[in-house]
Amino acid sequence: MHKNIVLEVNHLKQYFPIKTGVLRRTTGRVKAVDDISFEVHEQETFSLVGESGCGKSTTGRTILRLLEPTEGDVFYNGRNLLDYSKRDFRKVRRDLQMIFQDPYSSLNPRMTVKQLLIEPVLTHKLASKKEAEKMVIAIAEKVGLSTEQINRYPHEFSGGQRQRISIARALIVKPKLVILDEAVSALDVSIQAQILNLLIELQKEFKLTYVFISHDLNVVRHVSDRVGVMYLGQMMETAATDTLYERPLHPYTQSLLSAIPSHDPSVKKKRIILKGDVPDPSNPPSGCPFHLRCPKVHDRCKIEKPIFKESEPEHWVACHLYDNEELSLQP
Amino acid sequence: MNSILEIKNLSIDLVDGRKTYPVVNDINLSIKKKQRYGIVGESGSGKSLTSLAIMNLLADSLKITRGSIVLDGKHELTKMKKKELRKVRGHDISMIFQEPMTALDPLYPIEHQILEVLRFHFTFSKKQMRDMAVEMLKKVGISRPEQIMKNYPHQLSGGMRQRVMIAMALICSPKLLIADEPTTALDVTIQAQILDLMNELTEDFDTSILMITHDLGVIVEMCERVAVMYAGEIVEETTVAKLFSNPAHPYTSGLLRSVQSLGNRTQSLYSIPGTVPTPKQQTAGCRFASRCPHVMPVCNSSPPFLEIGNDHSTKCWLYAKEGVVNA
């Protein structure tokens, strides 16, 4: 089964300068995204998970050039997105949409739903104003908003409905790839389920590819085909969802999964409690970024950074435990 | 008399100009000594307001209209004077909040903030208090307490700040610790650390916990008993084991179905249709009726809170028949 690669991220780096003093001299760099690579196949959902500050959102923003990357390439259908001029990039942007976590701040409060939905159609010159109105009604119905509701303002809606508006606004231009940055994280459980179902339905109907960014491991398991686990700006492991959840290789993934609270009191999970906090990304540890907290740490991890490689077919991991040639050296 | 906190018929109204809207409606709960009690509900269910009412920290626009909150069988908290209350807060009952950064004062080092609690309730010497503070910080798992004491809140990570909050809350060995979404702002690996710590410490300090959360997983990890709140009312109250094995109220079973169907990609997620009614959308009868799959004509009048089995109560007409037969 060979699938088309829609998006290919190669050695992407996003460093933010730290400026101090009156002269705003650059005194250091925060390595928010540090050399990550992954592929996204056509019509699949690829999820990026990790704790706050691991760089998952920065990755999403960098792909869409909301942030200009420090280094690396992003190929969309074989063409490097970073080679486009700003003006040409706008045309491609129609195919690539983004949905954010907070529907309260991502919708202009002075525009009605109708205005909000028409705006992207006119910006991309996809239809005349009259046709655009028809498109608005069609997409509103798809996401579960009634025709009367489209003349209201965002503040008149609940969080779940506002997220429906954001989804409609992203999908009205008929994108191919949608980046969802914590799109359901701010919603209550019962509403979250409604929105997730909607997203899954729409993906099938419009043949969308999703890059799903989330910290919620239960939600990620539900929606994804493949998952990438990030830690401190680096990719630690990528695999198919079931493989990752059932046979995680990286000690970080193992402890992350064991920390999810169970929803069933009769099942007592054995948890791996990690020591300490996530290190400061402006001053990352040497060697493996996880070695300070890793329960399986050995001397080599402190000095040498593990290479991200395919340890089993379709299962990539960055950990010295799986360096085959070095296996004999391990205690 | 072994309950540490007894809430009877508590109702809270939101006053908006001349209108009032009920936001918490006639709730009862009783927390025993050393018990870990959970209140679970979605945003707007009134769970946080209930906890603020216990501490008497409600905003001016919110008024307790009815009911009593009794601590340790003797203190009626709703009728206490401000001065008396200040002796109870921090000493008998303490509270930790969701966002430790807003609960800690950014202008003072940690030492000052921990000692403030002690200075207020006791008359120890400064040296004694410092020793107590260092000891407490060690107990919450802070490895370099002397150095942390000199730090300001912004210099600490989220998990560390929450540890400091827990240290401050437990330093007077309170009888009751109210934890309002203590781990919601934290990452899962840090959440696991903090829940573990809270479990350990409350054993050591003989403290009861009232855990307020939206996360059923946290309830499973932490609590023995649980009350489910929906739109200002308690709709179900029982042990955690019973709630999960045998949920009675349609809202509870819907909630459980939607979290438990997560992860099974072959099926679509179970979701409860509709949205939570706001306090301003008052309806006669059951607050859940518009979203309920089992709605009946009788749901137009408010359902009674019924005992449906050993240690298991719910507010739903579905169980009324049996209740009538029993009576």
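User: Happy to start with chain A: over residues 18–257, what percentages of the chain are helix and strand, and how far apart are the end C-alpha atoms?

Analyst: Helices (H or I, at least four residues) and strands (E, at least two) are DSSP runs, numbered from the N terminus. Over residues 18–257 of chain A, the chain is 38% helix and 25% strand, with the end C-alpha atoms 33 Å apart. This is a predicted model, in which local features need pLDDT of at least 70 and side-chain atom pairs count only at pLDDT 80 or more, while totals for chains, interfaces and linings use all residues. Residues are numbered from 1 along each chain as its sequence is written, chains are lettered from A in the order in which they are written, and side-chain values use heavy atoms, leaving out hydrogens and water.

User: Which UniProt annotation covers residues 5–256 of chain B?

Analyst: UniProt annotations may be inferred rather than shown by experiment, and their positions are given here in the numbering used for the model. For residues 5–256 of chain B, the unreviewed UniProt entry gives "domain: ABC transporter". Over that stretch chain B is 40% helix and 28% strand.

User: How do I read strand pairing, and which strands does β1(B) pair with?

Analyst: Two strands pair if DSSP finds at least two bridges between them. Strand β1 (residues 3–16) of chain B runs antiparallel to β2 (residues 19–32) of chain B over ten bridges, with Leu5(B) partnered by Ile31(B). These two strands form a hairpin with two residues between them, and Gly17(B) in the turn has a positive phi of about 60°. β1(B) also pairs in the antiparallel sense with β4 (residues 62–71) of chain B, over eight bridges; there Leu14(B) has Leu62(B) as its bridge partner.

User: How much area do chain B and chain A bury between them?

Analyst: The size of an interface is often given as the accessible area lost when the parts come together. Here that buried area (1.4 Å probe, summed over both parts) is about 3200 Å² for chain B and chain A, 55% of it on carbon and sulfur atoms. In terms of contact (heavy atoms within 4.5 Å), 41 residues of chain B meet 36 residues of chain A.

User: And how many salt bridges are there between chain B and chain A?

Analyst: A salt bridge puts a side-chain nitrogen of Lys or Arg within 4 Å of a carboxyl oxygen of Asp or Glu. The count between chain B and chain A is two. One of them joins Asp196(B) to Arg271(A), with the closest N and O atoms 3.2 Å apart. On the side of chain B that touches chain A, α8(B) gives the largest share, seven residues.

Notes
Buried area = accessible area lost by both parts, 1.4 Å probe.
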